[in-house]
Structure formats: C-alpha cells, structure tokens
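Take a look at the chain below.

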Amino acid sequence: MKAFIIQKYDKKGALKLTDLPVPIIKEDEVLVEIHAGGLNLLDAKIKSGEFKLILPYKLPLILGHDVAGIITQVGTKVIQFKVGDEIYARVADFNIGTFAEYIAIKEDDVALKPSNITMEEAASVPLVALTAWQSLVEKANLKKGQKVFIQAGSGGEGTIAIQLAKHLGATVATTASEKSFAMLKELGADVLIDYKKEDFEVILKDYDVVLNSQDTKTLEKSLRILKPGGKAISISGPPTPDFAKAIGARRFVKIALSLLSYGIRKRAKKIEVDYSFLFMRADGKQLQEISKLIKQNVIRPVVDKVFPFDRINEALEYVETGRAKGKVVVKIK
C-alpha cells in the first residue's frame, strides 16, 4: 500500500511517500480501506517532535488520526462491524496512520459513518468532535443556560464545539475575524468578537466555561472572564500533573509537566476557578452519539479544503498556517 511517513522529527521536513505492507489485523481489529483522512494540528506537532515526551513514537511513522473508509476485513472477536461497512474513527494514540491506503483499527474506536455525509466530511469529524464532546459534556458538564467561551470559532475545533454547545443549550461566545461572523452565527454563536479589533476580556464576564485552544497569554486572560467555580479547559496546554498521571508518564515527564503548568494552576486557584488540560482520546461509543447528532443535522461538518492524496504535504502546510475555516481533508480513494 502507499503511505506517507516521517523518518525523523523535523518541523520543516516533508512527509515521504513509500510502499508498505497492508497491516495484518488482530482479533479485535478491523481493516479499513481508507477513502479520506482528516488533518489536524496534532499531526504537525508530532512531526516536529513537540509531543515526543508525551507520545514517544517509534520512527519511521505514518501520521494521521482521522479516517473514513470501508471495512475490508474483520478480526475473529469483532462483533459490531462487518465487511462492507462504511465507518469513521479517530484512531487511538500509538495506532495512528491514516495517511495511507489501509489501516487496522480497534473495534472500540470505530463508529458507522453517518449516511447523510460524504467520506470527506466524515473524515473531518472524529478528532475535533470527540474533543468537543470530552471538553463540554464530560469535563464541563455544560448545562442549558450556562455561558461558554470557545476560542477561535472558525477553526476545525471551534466550528464543531460551537454547534455542540448550542445543542446543549448554552450561550456561546467566540473569537474570529469579522469575515467569519456570518458562518459562525449560522452555526449558533451568540457573541461574536473580532480578535483583530476587540479584547474579549473587556466584553465577556461571569462565564461558566472556557474552551482554550490558544497560547498561555490568552489562557491567562480567559481565566479572568470566568465566575468563581468556573472551568477553564485547555486543549493546547500546558499539561497538568493529573494528565501526566492519566497517561502513566515517566517520573521526569511528570515533574516537567508539573513545572510547566504550575503558574497557570496557581493563578486559577487564586481566583477560585478550575483549570484542566484535555488530550482527547479515541472513543467509538462517543462517536456513535455524535453520529446521531449529525444524522439529525444538529451538527454539520465544516470542511475548508479537500486535497488529493499526493498533495498531503501542501495540505499539512495549510493546516499549520491556522487560516483554515473548518477542517482540511485529503481524498485517498
């Protein structure tokens, strides 16, 4: 099969096209012929080596976390899926590799693709939708009538998180450039802040939840718009000791992450708000719940560009610019 790999950590290095054997599945896995793969900033960060302490991958490595495709083989203990099923998934850490023609995926990480969206749309969904679900439903327990601030609303994460938050009954504030306002209003955003001209800290106050995807400076400002008891959930760091414990990190990694997040945890505690870091995980059952919302048109995928497979390096460079409105996808079949 054709696959794009990295042979060493390198921020500026390109993914290399190569021929590899089709994966051999285990008894609890399905083999998927990949039709489309979603690109995420996480792929670029792994390529550059930014996450090598948290995710110590063996090289060479096929990148890619989001997939949509058709099952061509099932393991002997697989009970939920059959050959021919159209599926999508965010594959688990240490089992990534969707920038290829085939991938073996654990049954528990897979969900049936909603029938009302294309393969390309489906490939755009899993990582960002699971991040939104695990942030807003699992961690924040967001309720009707609460107020949530979702940063960078026009990005891949923001476009899905806004729709989910609105479905949960929250008032949604977000930042974006003015040219994205019409789209974000349609997705459900109530308070639109032009980050080029306005300061969200001046406009927002007494919020229940912040979903932070930006730098530490923005996170520090975000803490101050929360009411006492409010929750700041960051998907961009800094990681916390709780996260280090959850992933079973080595002692020196635990110490390093504790030091990295010490300042922000101290500031949060001082003003009586809760700070936590979320590194989302694969979860087929949660993805099935998201599928229901997609079928009901409660959530719709937002795809900025679809690139052909042979232009995957160009696609990843585009993701890294941060200019995408929604998600970037590669079409493989």
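Pro60 sits in the loop between helix H1 (41-48) and strand S4 (61-62). Helices (H or I, at least four residues) and strands (E, at least two) are DSSP runs, numbered from the N terminus. The peptide bond from Leu59 to Pro60 is cis, with omega near 0°.

A word on the source. This is a predicted model, in which local features need pLDDT of at least 70 and side-chain atom pairs count only at pLDDT 80 or more, while totals for chains, interfaces and linings use all residues. Residues are numbered from 1 along each chain as its sequence is written, and side-chain values use heavy atoms, with hydrogens and water left out.

Now move along to Pro238. Its loop runs between strand S13 (226-234) and helix H8 (241-246). A cis peptide bond joins Gly237 to Pro238, with omega about 5°. Ala152 lies in the loop between strand S9 (147-150) and helix H4 (156-167).

Step back to the whole protein. How is the protein divided? Domain 1 covers 2-125 + 282-331, and domain 2 covers 140-277. These bounds come from an automatic or database domain assignment. The two centres, taken over C-alpha atoms, are 25 Å apart. Domain 1 brings 12 residues to the contact and domain 2 brings 19; contact means heavy atoms within 4.5 Å.

How much area is buried between domain 1 and domain 2? The figure is about 1300 Å², and carbon and sulfur atoms give 67% of that area. Buried area is the accessible area (1.4 Å probe) that two parts lose on being put together, summed over both. On the domain 1 side, Ile54, Arg300 and Lys325 lose the most area to domain 2, together 38% of what that side buries.

Between domain 1 and domain 2 the count is 1 salt bridge.

The structure as a whole holds 20 salt bridges. One of them pairs the side chains of Asp28 and Lys106 (3.1 Å, N to O). This pair links distant parts of the chain, 78 residues apart. Asp28 is in the loop between strand S2 (16-19) and strand S3 (29-39), and Lys106 is in strand S7 (residues 102-106).

Last comes the record. An unreviewed UniProt entry lists residues 13-330 as "domain: Enoyl reductase (ER)"; such annotations may be inferred rather than shown by experiment. That span is 33% helix and 26% strand, and its end C-alpha atoms lie 19 Å apart.

Technical notes. Salt bridge = Lys/Arg side-chain N within 4 Å of Asp/Glu carboxyl O.
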